[in-house]
Amino acid sequence: AVRMTFAMRGHQQIEIYSKRGTEADFTLLRVDTNKPYLDGHPPQVAGTPETRRYRARYKADHLPVGDWSDTISVTAQA
C-alpha cells in the first residue's frame with residue numbers, strides 16, 4: 001500500500017490521480033476531504049513490484065482549482 005499525506009491549504013477537496021505500471025493515462029483514484037490517503041490497490045501482476053505515479057489538484061464546487069501538483073513516483077509491492 002502507498003500512504004499519501006497532503007496539505008489542504010484552505011481547500012475542501014483534493015482529487016488524486018494515479019498511473020500504474022505501463023498504463024498510458026492517469027485515472028482518478030479519489031476525491032478526498034481529509035488526509036492521509038491509502039492506495040491499497042494490489043500490483044497489476046501479483047508479487048511483482050510496480051512503479052506508480054501520482055498527481056493531485058484541489059477542487060471547489062466540483063470544479064478543479066489551480067494547476068496539477070508535481071508528479072511523484074513510488075515503487076509498490078504486495
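Author: A polar contact here is a pair of N or O atoms within 3.5 Å; within protein, one atom must be able to donate a hydrogen and the other to accept it, and residues adjacent in sequence count only if both atoms are side-chain atoms. The model is predicted, so local features need pLDDT of at least 70 and side-chain atom pairs count only at pLDDT 80 or more, while totals for chains, interfaces and linings use all residues. Residues are numbered from 1 along each chain as its sequence is written, and side-chain values use heavy atoms, with hydrogens and water left out.

A polar contact at 2.9 Å joins the side chain of Glu50 to that of Arg52. Glu50 belongs to strand β5, residues 50–60; strands (E, at least two residues) and helices (H or I, at least four) are DSSP runs, numbered from the N terminus. With a relative accessible area of 6%, Glu50 is buried. Buried means under 20% relative accessible area, exposed over 50%, and partly exposed in between, with a 1.4 Å probe and protein chains only.

Leaving aside residues up to four places away in sequence, Glu50 touches Arg20, Gly21, Pro42, Pro43, Gln44, Val74, Thr75 and Ala76, where contact means heavy atoms within 4.5 Å. Glu50 is also in a network of salt bridges that links it with Arg20, Asp39 and Arg52. A salt bridge is a side-chain nitrogen of Lys or Arg within 4 Å of a carboxyl oxygen of Asp or Glu. Side chains of opposite charge can pair when their charged atoms come close.

The structure holds six salt bridges. In one of them Arg57 pairs with Glu15, and the closest N and O atoms are 2.4 Å apart. That pair links distant parts of the chain, with Arg57 in strand β5 and Glu15 in strand β2, 42 residues apart. Lys59 also meets Glu15 in a salt bridge, at 3.9 Å from N to O. Here the link runs from Lys59 in strand β5 to Glu15 in strand β2, 44 residues apart. Glu15 has 4% relative accessibility and therefore counts as buried, and both Lys59 and Glu15 are buried. Elsewhere, Arg30 forms a salt bridge with Asp32, with 3.5 Å between the closest N and O atoms. Arg30 counts as partly exposed at 41% relative accessibility, whereas Asp32 is buried at 3%.

Next come the rings. A search of the whole structure finds one aromatic pair. The rings of Tyr17 and Trp68 have centres 5.0 Å apart and planes at 90°, so the pair is edge-to-face. Tyr17 sits in strand β2 (residues 13–20) and Trp68 in the loop between β6 (63–65) and β7 (72–76), so that the pair links distant parts of the chain, 51 residues apart. Rings of Phe, Tyr and Trp (its six-membered ring) pair if their centres lie within 6.5 Å; planes under 30 degrees apart count as stacked, over 60 as edge-to-face and the rest as tilted. Tyr17 counts as buried at 17% relative accessibility, and Trp68 is partly exposed at 29%.

Trp68 has a charge over its ring as well: the charged end of Arg55 sits 3.9 Å from the ring centre. Arg55 also lies over the face of Phe26, 4.3 Å from that ring centre. A charge sits over a ring if NZ of Lys or CZ of Arg is within 6 Å of the ring centre and within 35 degrees of the ring normal.

Some backbone details follow. The peptide bond from Lys35 to Pro36 is cis, with omega near -10°, and Pro36 is in the loop between β3 (27–32) and β4 (37–39). Asp61, although not a glycine, has a positive phi of about 50°; His62, also not a glycine, has one of about 65°. Asp61 is in the loop between β5 and β6, and it is exposed at 71%. His62 is found in the loop between β5 and β6 and is exposed at 65%.

As for the whole protein, it has zero helices and seven strands. Of its 78 residues, 29% count as buried.
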